[in-house]
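Reader: I'd like a close look at just one part of this model, with the cut-offs spelled out as you go. Can you walk me through it?

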Amino acid sequence: MATFGLLLSNLGSPAAPRRAEVGRYLRQFLTDPLVVDIPRIPRELLVRGIIVPFRAGRSARAYAKVWSPEGSPLVVHSRMLADRVASRLGPGWKVALGMRYGEPSLGSALERLRGCERIVSLPLYPQGAGATTGSTEREIDRLRKRGGFPPLVHALPFYRDEGFLESFAVRIRETLEARPGAHLVLSFHGLPERQVRKADPAGRCLGEGCCDRPAALETCYRAQCLWTARELARRLGLGQDGWTPSFQSRLGREPWLGPSTIEVAGALADRGIREVVVAAPSFVADCLETLEELGMALAEDFAARGGTLRTVPCPNADGSWAEAVAKIALSYLPPSP
């Protein structure tokens, strides 16, 4: 019997690229109070009455563009990663995959790890935010309390992990070498500014120089994203004029983290830059946001402006990334007596 369990998790995916399944997924996702953090009744009215009816069909068409015969790219890559991490950890470990929304569920993953002495929970979000890491941890804790599962430790966001950074740096370097002179855009998933400010007990969040404070890295998603971007640029030997950080996937009319990726790409085109490479280091597996939003929609928009935009593949289930995940899991074992 395995002594240790590793619970790998990610956001999730609809069961199929059809309106009904996508609508079900969006309802589960967007009614999470840590994702749309407004009072329950307005949230339910907004999600069920406006967002889902208007977005489900459009999102289903987007998912259909990236769906593979094996299923959702996010789930396919994550399953393969789990298998490769398990092979590296060996027989003393059992590895299970669970998604915060959709299938395979977090509950089913915990059931697979029942009987282990200790579980390491590793959400596959490099930078931590309440809507992602926080929501996943809260749901796992709720399931553990109800189901009597083994002791569990939550891994910290791994944006500083050497294996994570090098996995992305290698892929970006390969893409840039194939397109000499291209400008690099490092695109992170966006969040409403209001949610980012909530994480700052001192009330200084998003002020001048706030994200440069070492203390901000403890709680601030934006600070962690910018640290990741600067470190990748350093590893790649890029000067300030060679790269730009940005945030994507804006939803609704309230202020979100910026600059937005689509605005950055447009500004680069206006400056006469015709070669752009986009990497998305808040995603470790390719998914709708990297494949369709960046690799198709943004690339088509940039092409209409006379340029060429290429995206960098995520680490997915690459062997070096699987090795890095295994090392992260091992770092959470109690010290040997």
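How do the residues of the lining of the second largest pocket divide into nonpolar, polar and charged?

Author: Quick caveat: this is a predicted model, where local features need pLDDT of at least 70 and side-chain atom pairs need 80 or more, while totals for chains, interfaces and linings use all residues. Numbering starts from 1 along each chain as its sequence is written, and side-chain values use heavy atoms, leaving out hydrogens and water.

The lining has 15 nonpolar, eight polar and six charged residues (Ala, Val, Leu, Ile, Met, Phe, Trp, Tyr, Cys and Pro are nonpolar; Asp, Glu, Lys and Arg charged; the others, Gly among them, polar). The second largest pocket holds about 560 Å³ of space (a pocket is an open set of points on a 1 Å grid where a 1.4 Å probe fits, with protein on both sides within 12 Å along at least five of seven lines; lining residues have an atom within 4 Å of a point). Closest to its centre, out of 29 lining residues, sit Gly 128, Ala 129, Glu 218, Thr 219 and Gln 224. Helices α5 (130-147), α7 (193-198) and α8 (221-236) each give two or more residues to that lining (helices are DSSP H or I runs of at least four residues). Of these, α5 gives the most, with five.

As for helix packing, the axes of α3 (residues 73-89) and α11 (residues 319-330) come within 9 Å and cross at roughly 60° (axes are fitted to C-alpha atoms over the stretch in contact, with angles from 0 to 180 degrees between N-to-C directions).

Key
Grid points are joined across faces, edges and corners, and a volume is the space filled by probe spheres set on the points.
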